[in-house]
Amino acid sequence: MNFNTIFLTSFRVLLLPIALLYGLIIRIRNWMFDQQYLKSASFNFPLICVGNLAVGGTGKSPMVEYLLYLLSPQFKVGTLSRGYKRKTKGYALANPTTTALEIGDEPMLFHMKFPQIPVAVGEERLVAIPQLLQDVPDLQAIILDDAFQHRSVKAGFNILLTEYSNIYVNDFFLPTGDLRDERRSAKRANIIVVTKCPADLSSERKQQIIRNLKPRADQKVFFTRIAYGVPYHIFNYEDEWLLTPRVEVLLVCGIANPKPLKEYLHECTHTYYQQDYSDHHIFSIDDLNEIKEKFDRIHARDKIILTTEKDAVRLLKFRDELATLPMYVLPIRHDFLFGEGEQFNRMVTDFIRNFRYKPIS
């Protein structure tokens, strides 16, 4: 553990009184929803929520993508996100001229990868859902991105993600820990997915984690690892670059948890350098000049700039400036362990096929 890590841990412990106050507020809020002093709205329509209890990267966006790949061949499905760090307000439905500044980087990524799928944003999901259904009346399901803690809407099916290295049962409220919701809220999930697991996770460790999570009898716990694809050029999907031990990489990254990505690059490339930015960073021309300068200082024959898909949508506006640079995008996806992917797929698709409206009593 380095000095910075020790300092940050000590500082967060000092913030324990704030964390206790925050936790009390969250518990009171949840109690008011449970007792129906605050109302949750249900819809006579299949809503699938993807979320987590903690801040940071648990893999929500790749899970939404996984669901879109799974469901779009069978159902007319759309997505609804908050649109974090966008420059607009209110409800918006993506169209061919939409940019990441208008809807946010993650919704823009969905829109680019699935142009045939309705992608909408709106801070007030209770308002945005009817608007999306009005705009796209033949929808058969909506995936709510990062909406688990937004209890004003009651989704029919909840998928809760928790990261292997920081499972919510071992975490604490912000700012001492990373929890933005209390641990017992996990009881509202239909499925719990432990993400970013090691590929060689043992059955014994799997069972130990399940015992620690203490799921309800009707909750199913799944385990996934990160699977990285072949990098593709930021402006040309057909131009791919295999990562090999000969390649030197400049990693341009502005995501919540880049640690697994950096570990992957350490294993499969000769050397990698990094240019880190904050999560959801809005790139400027100064940033781009900084990236170019750092890349030019790498003296290697085989070298590329590598970025994530979420960062790439915020760099597309620099088409002219990036035209001569070998900037590639690394795709990721969830890979289910223990051969349980089909069971997960069946549970989700069965929810839509067998959907029956159950009003809140």
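In which loop is the place of Tyr37?

Modeller: This is a predicted model, and what follows should be read with that in mind. Tyr37 has its place in the loop between α2 and β1 (41–42). With a relative accessibility of 58%, Tyr37 counts as exposed, because the cut-off for that class is over 50%. Leaving aside residues up to four places away in sequence, Tyr37 touches Trp31 and Met32. Leu144 lies 107 residues from Tyr37 in sequence, and the two C-alpha atoms are 24 Å apart in space.

Ala19, Gly23, Ile26, Asn30 and Phe33 are the buried residues of α2. They sit on the same side of α2, because the arc that they cover around the axis is only 85°. Exposed residues Pro17 and Leu21 are carried on the face of α2 turned away from its buried side. Just after α2, Gln36 adopts a positive phi of about 65°.

Most residues other than glycine have a negative phi, and most peptide bonds are trans. Asp146, although not a glycine, has a positive phi of about 55°. The loop between β6 (141–145) and β7 (153–154) holds Asp146, which counts as partly exposed at 21% relative accessibility. His280 is likewise not a glycine, yet has a positive phi of about 65°. His280 is found in the loop between β14 and α9 (285–296), and with a relative accessible area of 6% His280 is buried, since the cut-off is under 20%. As for peptide bonds, the one from Leu174 to Pro175 is cis, with omega near 0°. Pro175 belongs to the loop between β8 (157–163) and β9 (191–195).

Helix packing may be described through α3. The axes of helix α3 (residues 60–71) and helix α5 (residues 105–113) come within 11 Å and cross at roughly 25°. The two helices are therefore roughly parallel, and α3 passes α5 in a right-handed crossing. On the α3 side, Ser61, Val64, Glu65, Leu68 and Tyr69 take part, meeting Glu106, Leu109, Phe110 and Lys113 in α5.

Helix α3 also packs with helix α12 (residues 341–353), at an angle of about 70° and with the axes 11 Å apart. Helices α3 and α12 are therefore roughly perpendicular to each other. In this contact α3 contributes Met63, Tyr66, Leu67, Leu70 and Leu71, while α12 contributes Gly341, Phe344, Asn345, Val348, Thr349 and Ile352.

Finally, helix α8 (residues 259–268) has Pro260, Leu261, Lys262, Leu265 and Cys268 as its buried residues. Their cover includes the strands β10 (220–228), β13 (248–253), β14 (271–276), β15 (303–308) and β16 (327–330).

Terms used: Residues numbered from 1 in each chain as written. Predicted model: local features only at pLDDT ≥ 70, side-chain atom pairs only at ≥ 80, totals over all residues. Heavy atoms only, no water. Buried < 20%, exposed > 50% of the residue type's maximum accessible area, 1.4 Å probe, protein only. Helix = DSSP H or I, 4+ residues; strand = E, 2+ residues; numbered from the N terminus. Arc of directions from axis to C-beta. Axes fitted to C-alpha atoms, helices over the stretch in contact; angles between N-to-C directions. Parallel < 35°, antiparallel > 145°, perpendicular 65-115°, else oblique. Left-handed = near helix turned anticlockwise from the far one by under 90°. Contact = heavy atoms within 4.5 Å.
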